[in-house]
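Do look along with me as I go.

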Amino acid sequence: MGIELKGLYAISDPKLTPYSHLLKLAEYAIEGGVRFLQLRDKQSSHNELLGLAKALKDLCAQKGVGFVINDRLCLALECGAWGLHLGEEDMPLSKARARFSGVIGVSCYGDLERAIQAQDQGADYVAFGACFRSPTKPHAPCIDLEVLARAQARLKIPICAIGGINAQNIAQLQHADMIALISALWQGDVRANAKILSSAHAQSH
(Lines give C-alpha, C1' and ligand atoms only; values in the text may rest on other atoms or scores of the structure.)
Protein backbone atom coordinates (compact mmCIF):
# COMPACT_ATOMS: atom_id res chain seq x y z
CA MET A 1 0.00 0.00 0.00
CA GLY A 2 1.85 3.08 -1.23
CA ILE A 3 0.77 5.69 1.33
CA GLU A 4 2.62 8.99 1.32
CA LEU A 5 4.15 9.70 4.74
CA LYS A 6 2.33 12.96 5.20
CA GLY A 7 -0.63 14.24 7.23
CA LEU A 8 -2.39 13.53 10.52
CA TYR A 9 -1.21 10.57 12.59
CA ALA A 10 -3.64 9.42 15.30
CA ILE A 11 -2.27 7.57 18.33
CA SER A 12 -4.58 5.51 20.55
CA ASP A 13 -4.63 6.13 24.28
CA PRO A 14 -6.04 3.66 26.84
CA LYS A 15 -7.97 6.44 28.65
CA LEU A 16 -9.19 8.52 25.70
CA THR A 17 -9.86 5.64 23.30
CA PRO A 18 -11.23 2.73 25.37
CA TYR A 19 -11.07 -0.44 23.32
CA SER A 20 -14.81 -0.94 23.26
CA HIS A 21 -15.04 2.34 21.28
CA LEU A 22 -11.72 2.48 19.44
CA LEU A 23 -12.90 1.01 16.14
CA LYS A 24 -15.74 3.57 15.92
CA LEU A 25 -13.49 6.44 17.01
CA ALA A 26 -10.89 5.40 14.44
CA GLU A 27 -13.56 5.49 11.75
CA TYR A 28 -14.57 9.04 12.75
CA ALA A 29 -10.91 10.13 12.77
CA ILE A 30 -10.35 8.69 9.28
CA GLU A 31 -13.53 10.37 7.99
CA GLY A 32 -12.12 13.65 9.33
CA GLY A 33 -8.85 13.23 7.43
CA VAL A 34 -6.47 11.15 9.57
CA ARG A 35 -3.91 9.32 7.36
CA PHE A 36 -2.26 7.01 9.93
CA LEU A 37 -3.43 5.23 13.06
CA GLN A 38 -1.10 3.84 15.72
CA LEU A 39 -2.20 1.29 18.32
CA ARG A 40 -0.12 2.13 21.39
CA ASP A 41 -0.50 -0.01 24.50
CA LYS A 42 2.31 -0.85 26.89
CA GLN A 43 0.15 -2.80 29.35
CA SER A 44 -2.16 -5.31 27.64
CA SER A 45 -0.96 -8.74 26.56
CA HIS A 46 -0.40 -9.81 22.95
CA ASN A 47 -3.54 -11.99 23.02
CA GLU A 48 -5.66 -9.20 24.50
CA LEU A 49 -4.68 -6.89 21.65
CA LEU A 50 -4.62 -9.28 18.69
CA GLY A 51 -8.33 -9.22 17.80
CA LEU A 52 -8.50 -5.42 18.06
CA ALA A 53 -5.28 -5.02 16.06
CA LYS A 54 -6.64 -7.19 13.25
CA ALA A 55 -9.94 -5.26 13.17
CA LEU A 56 -8.11 -1.91 13.06
CA LYS A 57 -5.76 -3.21 10.37
CA ASP A 58 -8.74 -4.24 8.22
CA LEU A 59 -10.46 -0.87 8.71
CA CYS A 60 -7.28 1.04 7.79
CA ALA A 61 -6.58 -1.15 4.75
CA GLN A 62 -10.14 -0.59 3.54
CA LYS A 63 -9.77 3.20 3.89
CA GLY A 64 -6.21 3.48 2.51
CA VAL A 65 -4.80 4.53 5.89
CA GLY A 66 -1.50 3.30 7.39
CA PHE A 67 -1.98 1.12 10.48
CA VAL A 68 0.98 1.17 12.86
CA ILE A 69 1.74 -0.88 15.97
CA ASN A 70 3.83 0.76 18.66
CA ASP A 71 6.80 -1.28 19.88
CA ARG A 72 5.36 -4.83 19.56
CA LEU A 73 7.04 -6.53 16.63
CA CYS A 74 5.31 -9.90 17.11
CA LEU A 75 1.90 -8.24 17.20
CA ALA A 76 2.72 -6.19 14.08
CA LEU A 77 3.79 -9.35 12.25
CA GLU A 78 0.80 -11.42 13.35
CA CYS A 79 -1.87 -8.84 12.51
CA GLY A 80 -0.17 -7.82 9.25
CA ALA A 81 0.34 -4.17 10.28
CA TRP A 82 1.46 -1.66 7.66
CA GLY A 83 3.92 -0.06 10.09
CA LEU A 84 5.86 -0.41 13.34
CA HIS A 85 7.00 2.44 15.61
CA LEU A 86 10.03 2.11 17.91
CA GLY A 87 10.93 4.25 20.94
CA GLU A 88 14.20 4.53 22.82
CA GLU A 89 13.51 1.55 25.08
CA ASP A 90 12.09 -0.70 22.37
CA MET A 91 14.02 -3.21 20.29
CA PRO A 92 16.88 -1.97 18.07
CA LEU A 93 15.88 -0.85 14.60
CA SER A 94 18.27 -3.28 12.88
CA LYS A 95 16.66 -6.23 14.67
CA ALA A 96 13.13 -5.07 13.77
CA ARG A 97 14.11 -4.35 10.16
CA ALA A 98 15.48 -7.88 9.76
CA ARG A 99 12.01 -9.31 10.47
CA PHE A 100 9.56 -6.57 9.46
CA SER A 101 9.30 -5.40 5.86
CA GLY A 102 6.71 -2.64 6.43
CA VAL A 103 7.19 1.01 7.33
CA ILE A 104 9.28 1.62 10.48
CA GLY A 105 9.32 4.89 12.40
CA VAL A 106 11.72 5.81 15.20
CA SER A 107 11.29 8.27 18.09
CA CYS A 108 14.22 10.70 18.24
CA TYR A 109 12.94 13.12 20.93
CA GLY A 110 15.05 16.23 20.23
CA ASP A 111 18.13 14.41 18.97
CA LEU A 112 19.02 15.08 15.34
CA GLU A 113 22.05 12.75 15.44
CA ARG A 114 19.80 9.89 16.53
CA ALA A 115 17.51 10.70 13.59
CA ILE A 116 20.40 10.65 11.09
CA GLN A 117 21.54 7.31 12.52
CA ALA A 118 17.99 5.92 12.26
CA GLN A 119 17.79 7.05 8.64
CA ASP A 120 21.12 5.34 7.89
CA GLN A 121 19.83 2.12 9.49
CA GLY A 122 16.73 2.02 7.32
CA ALA A 123 14.00 3.96 9.21
CA ASP A 124 11.19 5.22 6.97
CA TYR A 125 10.37 8.25 9.14
CA VAL A 126 11.54 9.79 12.41
CA ALA A 127 9.49 11.46 15.16
CA PHE A 128 10.52 14.49 17.23
CA GLY A 129 8.86 15.65 20.46
CA ALA A 130 7.41 16.63 22.75
CA CYS A 131 6.90 19.77 20.67
CA PHE A 132 4.68 21.37 23.33
CA ARG A 133 3.65 20.53 26.88
CA SER A 134 1.69 17.29 26.49
CA PRO A 135 -1.41 16.42 28.54
CA THR A 136 -0.79 12.73 27.78
CA LYS A 137 2.87 12.77 28.88
CA PRO A 138 3.10 15.79 31.22
CA HIS A 139 6.69 15.02 32.24
CA ALA A 140 8.10 14.69 28.73
CA PRO A 141 10.67 17.44 28.13
CA CYS A 142 9.82 19.88 25.33
CA ILE A 143 12.22 20.10 22.42
CA ASP A 144 13.49 23.24 20.70
CA LEU A 145 11.29 23.45 17.58
CA GLU A 146 14.35 24.65 15.61
CA VAL A 147 15.42 21.00 15.47
CA LEU A 148 12.57 20.35 13.01
CA ALA A 149 13.97 22.90 10.54
CA ARG A 150 17.47 21.46 10.92
CA ALA A 151 16.13 17.93 10.50
CA GLN A 152 14.23 18.90 7.36
CA ALA A 153 17.43 20.34 5.89
CA ARG A 154 19.54 17.26 6.70
CA LEU A 155 17.20 14.25 6.37
CA LYS A 156 15.85 12.58 3.26
CA ILE A 157 13.03 10.78 5.13
CA PRO A 158 9.80 12.35 6.46
CA ILE A 159 9.58 13.97 9.88
CA CYS A 160 6.77 13.44 12.38
CA ALA A 161 6.06 15.95 15.17
CA ILE A 162 4.43 14.78 18.42
CA GLY A 163 3.50 16.13 21.85
CA GLY A 164 0.85 18.64 22.92
CA ILE A 165 -0.12 19.57 19.36
CA ASN A 166 -3.49 21.26 18.88
CA ALA A 167 -5.30 23.55 16.42
CA GLN A 168 -3.74 26.64 18.05
CA ASN A 169 -0.07 25.60 17.74
CA ILE A 170 -0.03 23.27 14.71
CA ALA A 171 0.95 26.18 12.42
CA GLN A 172 4.36 26.32 14.15
CA LEU A 173 5.17 22.85 12.78
CA GLN A 174 5.56 23.75 9.11
CA HIS A 175 8.76 21.65 8.92
CA ALA A 176 6.98 18.42 9.91
CA ASP A 177 5.44 16.11 7.29
CA MET A 178 3.36 14.11 9.77
CA ILE A 179 1.53 15.41 12.83
CA ALA A 180 0.91 12.94 15.67
CA LEU A 181 -2.17 13.63 17.76
CA ILE A 182 -3.70 12.26 20.93
CA SER A 183 -5.66 14.65 23.22
CA ALA A 184 -6.53 17.28 20.59
CA LEU A 185 -8.03 14.59 18.37
CA TRP A 186 -9.79 12.21 20.75
CA GLN A 187 -11.45 14.67 23.15
CA GLY A 188 -14.88 15.84 21.97
CA ASP A 189 -16.09 15.45 18.39
CA VAL A 190 -13.36 13.31 16.79
CA ARG A 191 -14.45 13.81 13.16
CA ALA A 192 -14.72 17.60 13.58
CA ASN A 193 -11.37 17.74 15.44
CA ALA A 194 -9.65 15.84 12.64
CA LYS A 195 -11.12 18.18 9.99
CA ILE A 196 -10.00 21.31 11.84
CA LEU A 197 -6.49 19.94 12.50
CA SER A 198 -6.13 18.64 8.95
CA SER A 199 -7.08 21.99 7.48
CA ALA A 200 -4.75 23.87 9.89
CA HIS A 201 -1.85 21.54 8.98
CA ALA A 202 -2.47 22.02 5.25
CA GLN A 203 -2.51 25.81 5.66
CA SER A 204 0.84 25.81 7.49
CA HIS A 205 2.56 24.24 4.47
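Is glutamate 27 buried, exposed or partly exposed? I looked up its relative accessibility, found 23%, and so noted glutamate 27 as partly exposed. For the cut-offs, buried means under 20% relative accessible area, exposed means over 50%, and partly exposed is in between (1.4 Å probe, protein chains only).

A note on what I am reading: this is a predicted model, where local features need pLDDT of at least 70, side-chain atom pairs count only at pLDDT 80 or more, and totals for chains, interfaces and linings use all residues. Residues are numbered from 1 along each chain as its sequence is written, and side-chain values use heavy atoms, with hydrogens and water left out.

**Entry: salt bridges**

I took a salt bridge to be a side-chain nitrogen of Lys or Arg within 4 Å of a carboxyl oxygen of Asp or Glu. By this rule I count eight salt bridges.

I began with glutamate 27, which is paired with lysine 24; their closest N and O atoms are 4.0 Å apart. Both sit in helix α1 (residues 19-31), three residues apart, which means about one helical turn separates them. Helices here are DSSP runs (H or I, at least four residues), numbered from the N terminus. Lysine 24 is partly exposed as well, at 44%.

Next I looked at glutamate 31 and arginine 191, whose side chains meet in a salt bridge at 2.6 Å, N to O. Glutamate 31 belongs to helix α1 and arginine 191 to helix α8 (residues 190-203), so this pair ties together parts that are 160 residues apart in sequence. I find glutamate 31 partly exposed at 38%, and arginine 191 partly exposed at 31%.

Then came lysine 57 with aspartate 58, where the closest N and O atoms are 3.7 Å apart. Lysine 57 is partly exposed at 24% relative accessibility, and aspartate 58 is partly exposed at 44%. I also noted a network: Lys42, Asp71 and Asp90 are joined by salt bridges that share partners.

**Entry: cysteines**

How many disulfides does a search of the whole structure find? I got zero, taking a disulfide as a pair of cysteine sulfur atoms within 2.5 Å.

I checked cysteine 79, which is in no disulfide: its nearest cysteine sulfur belongs to cysteine 60 and is 9.9 Å away. Cysteine 79 is buried, at 4% relative accessibility.

I put cysteine 131 down as buried, at 4% relative accessibility.

How values were computed: Helices (H or I, at least four residues) and strands (E, at least two) are DSSP runs, numbered from the N terminus.
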